[in-house]
Every structure is written in C-alpha cells, then in structure tokens.
Amino acid sequence: MAVLSAALAAYLVAEGPSLPWNGRTATTAAQQTQAAPGPVMFPLFARKSGRLYDYEPKGTGAGFKSYVDMGGGWVDADALVQVNLSENGSGNDLYHRSDATLYYTAERGNDTKVIGGGWDQYNLLVSVGNMGGSSHPDLVARGANGTLWLYQGRADGTLAARVQIGTGGWNGMNALAGRGDYTGDGKADLVARDTDGTLYVYPGTGSAVENEALGARITVGKGWGVYKTVVSTGDNDGDGKTDLMANDTAGLLWFYKGTGSTSGVFATKTQIGTGGWAAFDTLF
C-alpha cells in the first residue's frame with residue numbers, strides 16, 4: 001500500500017497549509033450554506049498522475065467550466081473524500097488517507113490535522129452528506145469483512161465514534177456514492193453498485209442508531225457495470241434534486257438527472273464529457 005512521504009506528512013501537519021485551490025473565485029458550494037442533506041451543488045474532483053483537478057459545474061447539468069489545477073503531491077493518498085465542512089459548510093474540504101492514517105484538510109485557513117490511525121482496516125471510504133441527523137457531513141467506511149460503518153462529522157473535521165450500519169455482505173458492492181437525497185424524503189441516501197452491475201439506492205432514515213441508518217433498498221437498474229466510477233456531486237443542474245455521474249472505460253462522462261422519486265430514480269442519461277475521463281484514477 002502506498003505511504004505518504006515523511007516530508008509531505010510533516011508539511012501537511014506541522015505547517016498546516018491550505019489546499020492548493022485557495023483563492024479561486026469560481027466555487028459553487030462556497031456560495032451556499034450548509035444543507036442537511038440538502039440540494040447543494042458540489043464540484044467534481046479528479047486525480048491523474050498524482051495531481052488533483054477541480055471541475056466546477058455550470059449549474060445546468062450540461063457539464064463543467066474549465067478545470068482548476070489543484071496541485072500535485074497526491075499520488076500517495078490511497079483514499080480521497082470530499083466534504084463541505086469548513087466556512088460554515090461552504091468549504092470544499094478533503095479527508096485523505098495514506099497507509100493507515102486519515103487526515104483532514106480544510107479548503108481555507110491553516111487547518112490540516114491527523115484524524116487518527118488504523119484506517120487501513122477499511123477498503124472503501126465515501127462521503128454521504130448528513131446521514132446521521134447531525135449538522136455536519138458524515139463518512140461511511142467499509143471494513144475488510146464487508147461490515148459498513150458510519151462516522152458522524154464534527155465542525156472541526158474530527159469524527160464521532162463509529163456506528164455500525166451494515167452487518168455484512170457489503171464487499172459484494174464495488175461502488176458507493178451519496179451526498180444527497182435521492183428518494184425525495186429529505187434524508188441523505190446511499191447509492192451502491194453490485195458486482196453484477198445492478199445499482200441500488202438505500203434510503204437513509206436520518207438515524208445514527210446501530211443498524212437503523214438505512215432502509216430497504218430500491219433497485220435502480222442493471223447494466224451499471226460498464227462504468228469505471230459512479231460519483232455524486234449533489235444537485236448538479238440546480239433543480240433541487242440530487243444527481244449522479246459516471247465515467248465509462250471509453251473516457252466518456254455521463255449525467256443522470258435525479259427525479260427525487262423512488263419510482264424511476266434517474267432520468268435518461270446525458271453525455272456531458274466527450275473523452276479523456278477514463279484517464280483519471282479517482283473521481284470524487
């Protein structure tokens with residue numbers, strides 16, 4: 001497993017730098033207040049050859065503005081998660097893991113900190129918005145044995161004690177996404193893709209009680225195995241409903257407009273990227 005270099009780790013924690021996209025003027029999440037789970041419009045972050053790129057949505061569901069180069073040095077991060085936490089919920093922040101250590105870096109200010117060790121026990125981390133009913137976005141982590149855990153976020157980037165929300169079998173899913181309400185009930189949901197290509201929505205209950213955070217799953221459809229990544233950037237077209245994106249192995253990027261209904265969760269897909277999207281090893 002990749003290990004963050006000693007020099008970079010020391011710089012992140014001791015020097016406390018702000019992230020390299022500081023000072024930009026085009027940020028959609030920064031223009032909105034924290035919503036829980038809320039129809040918030042998030043940027044799409046992507047990594048290629050150790051560099052991060054920020055793609056700000058046009059707000060119409062028709063793609064993105066010109067990307068912002070967020071800088072290099074991220075090749076050794078083996079998990080990257082975007083959250084809107086700092087600046088009262090308007091900052092585009094990161095949780096990033098190297099080896100067993102999880103770090104939190106705020107978009108603005110000098111707030112990079114070590115969250116803790118032992119995070120190598122998880123084979124997947126994803127941001128799900130405010131799933132547990134608190135005021136801040138949460139993380140979901142999948143253990144090597146297929147157990148699913150919820151970590152509720154705090155205002156300073158630290159995390160509350162984990163709560164089990166899935167008893168096993170989650171290793172049968174090869175993609176998880178969230179960051180919004182897909183069913184129209186005002187609660188943050190979890191999207192999961194089975195290894196057979198079937199996509200499901202697990203409705204959130206708004207509860208952080210053990211094994212009660214997720215309701216009975218809804219089948220979205222089959223054929224989703226053609227996609228390299230499935231990712232949510234919230235309400236990408238500004239209609240108040242959470243959407244989904246996916247890139248295929250041919251390098252095309254697709255937009256699935258959310259309907260806010262349990263019957264037909266997404267509208268027919270629309271192509272919003274013409275090529276090159278398969279070159280990214282991570283979209284989040």
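Reader: Which residues point the other way from β4 when A79, V81 and V83 point one way?

Author: This is a predicted model, in which local features need pLDDT of at least 70 and side-chain atom pairs count only at pLDDT 80 or more, while totals for chains, interfaces and linings use all residues. Residues are numbered from 1 along each chain as its sequence is written, and side-chain values use heavy atoms, with hydrogens and water left out. Strands here are DSSP runs (E, at least two residues; helices are H or I, at least four), numbered from the N terminus, and buried means under 20% relative accessible area (exposed is over 50%, partly exposed in between, with a 1.4 Å probe and protein chains only). On both sides of β4 the residues are buried, and those that point opposite to A79, V81 and V83 are L80, Q82 and N84.

Reader: In the hairpin of β1 and β2, which residue takes a positive phi?

Author: Strands β1 (residues 44–48) and β2 are joined by 5 bridges, with R47 opposite L52 and K48 opposite R51. Strand β2 (residues 51–55) is mostly covered, with 4 of its 5 residues buried, and 3 bridges join it to β3 (residues 68–71), where V68 stands opposite D54. The hairpin has 2 residues between its strands, and the positive phi, near 55°, belongs to S49.

Reader: What is the angle between the planes of F64 and W277?

Author: Rings of Phe, Tyr and Trp (its six-membered ring) pair if their centres lie within 6.5 Å, and planes under 30 degrees apart count as stacked, over 60 as edge-to-face and the rest as tilted. F64 lies in the loop between β2 and β3 and W277 in the loop between β19 (270–273) and β20 (282–283), 213 residues apart; F64 counts as buried because its relative accessibility is 13%, and so does W277, at 8%. Ring pairs also link both of them with Y53, Y55, Y67 and F280 into a cluster. The F64 and W277 pair is tilted, with a centre to centre distance of 6.1 Å and an angle of 40°.

Reader: Which residues have the most contacts inside the largest nonpolar core?

Author: A nonpolar core is a set of buried Ala, Val, Leu, Ile, Met, Phe, Trp, Tyr and Cys residues joined through side-chain atoms within 4.5 Å, and the largest has 17 residues. Strands that each supply at least two residues of this core include β8 (122–129) and β13 (190–194). Leaving aside neighbours within four places in sequence, L190 is in contact (heavy atoms within 4.5 Å) with residues including V128, L148, W170 and Y202. Those with the most contacts inside the core are W170 and L190.

Conventions
Pairing = 2+ DSSP bridges.
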